[in-house]
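Here is a colleague's note on the model shown below.

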Amino acid sequence: MTEDFGAMKARRDAAAELVRRSERDLGETRGSAALGGRSRTILIELERKLRTERLDLAALDARLAAAAARA
């Protein structure tokens, strides 16, 4: 079953918002001095999460481009 273009676009927009939030969270975390010894672990986890979200966003962009080309 293929997803319709509108639903795919909505998923892409939601993924883009998630990436923006994660980028903001990562920036705020980097700027926080209150993290103590856990700061490195927290930063690594946030960077990993952001990298995964960016890959998901790129995959959705590719699927949207392919769907647009077929239309």
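**Notes on the helices and their salt bridges**

1. Arg21 and Glu17 are 4 residues apart in helix α1, so about one helical turn separates them. Their side chains meet in a salt bridge, at 3.2 Å from N to O. Note that this is a predicted model. Arg21 is partly exposed, with a relative accessible area of 43%. Glu17 is also partly exposed, at 29% relative accessibility.

2. Glu17, Arg20 and Arg21 are linked in a network of salt bridges. In the whole structure, a search finds 8 salt bridges. As background, side chains of opposite charge can pair when their charged atoms come close.

3. Arg48 is partly exposed at 43% relative accessibility. Glu45 is partly exposed too, with a relative accessible area of 44%.

4. Which salt bridge partner does Arg12 meet? The side chain of Arg12 meets that of Asp61, at 2.6 Å from N to O. This pair links distant parts of the chain: Arg12 sits in helix α1 and Asp61 in helix α2, 49 residues apart. Arg12 has a relative accessible area of 22%, so it counts as partly exposed, since buried means under 20%. Asp61 is partly exposed, with a relative accessible area of 31%.

5. Now the helix itself. α1 has 27 residues and covers residues 5-31. From its first C-alpha to its last, α1 reaches 39 Å. That is close to the 39 Å expected at 1.5 Å a residue.

6. How do α1 and α2 pack? Their axes are 9 Å apart, at an angle of about 155 degrees. Angles over 145 degrees count as roughly antiparallel, and α1 and α2 are therefore roughly antiparallel to each other. The crossing in which α1 passes α2 is left-handed.

7. Several residues of α1 are buried: Met8, Ala15, Ala16, Val19, Ser22, Leu26 and Thr29. What covers the buried residues of α1 includes α2, residues 39-70.

8. Is Ser22 buried or exposed? With a relative accessible area of 4%, Ser22 is buried. Its place is in helix α1. Leaving out residues up to four places away in sequence, Ser22 touches Lys49, Leu50 and Glu53.

9. Glu47 is found in helix α2. Glu47 is partly exposed, with a relative accessible area of 27%. Residues up to four places away in sequence aside, Glu47 touches Leu26 and Arg30. Leu26 is one of the buried residues of α1. The C-alpha atoms of Glu47 and Asp25 are separated by 9.9 Å, and these two residues are 22 apart along the chain.

10. To recap the links between the helices: Arg12 in α1 and Asp61 in α2 form a salt bridge. The axes of the two helices lie 9 Å apart, and the pair is roughly antiparallel.

Conventions
Residues numbered from 1 in each chain as written. Predicted model: local features only at pLDDT ≥ 70, side-chain atom pairs only at ≥ 80, totals over all residues. Heavy atoms only, no water. Buried < 20%, exposed > 50% of the residue type's maximum accessible area, 1.4 Å probe, protein only. Contact = heavy atoms within 4.5 Å. Expected span 1.5 Å × (residues − 1). Salt bridge = Lys/Arg side-chain N within 4 Å of Asp/Glu carboxyl O. Axes fitted to C-alpha atoms, helices over the stretch in contact; angles between N-to-C directions. Parallel < 35°, antiparallel > 145°, perpendicular 65-115°, else oblique. Left-handed = near helix turned anticlockwise from the far one by under 90°.
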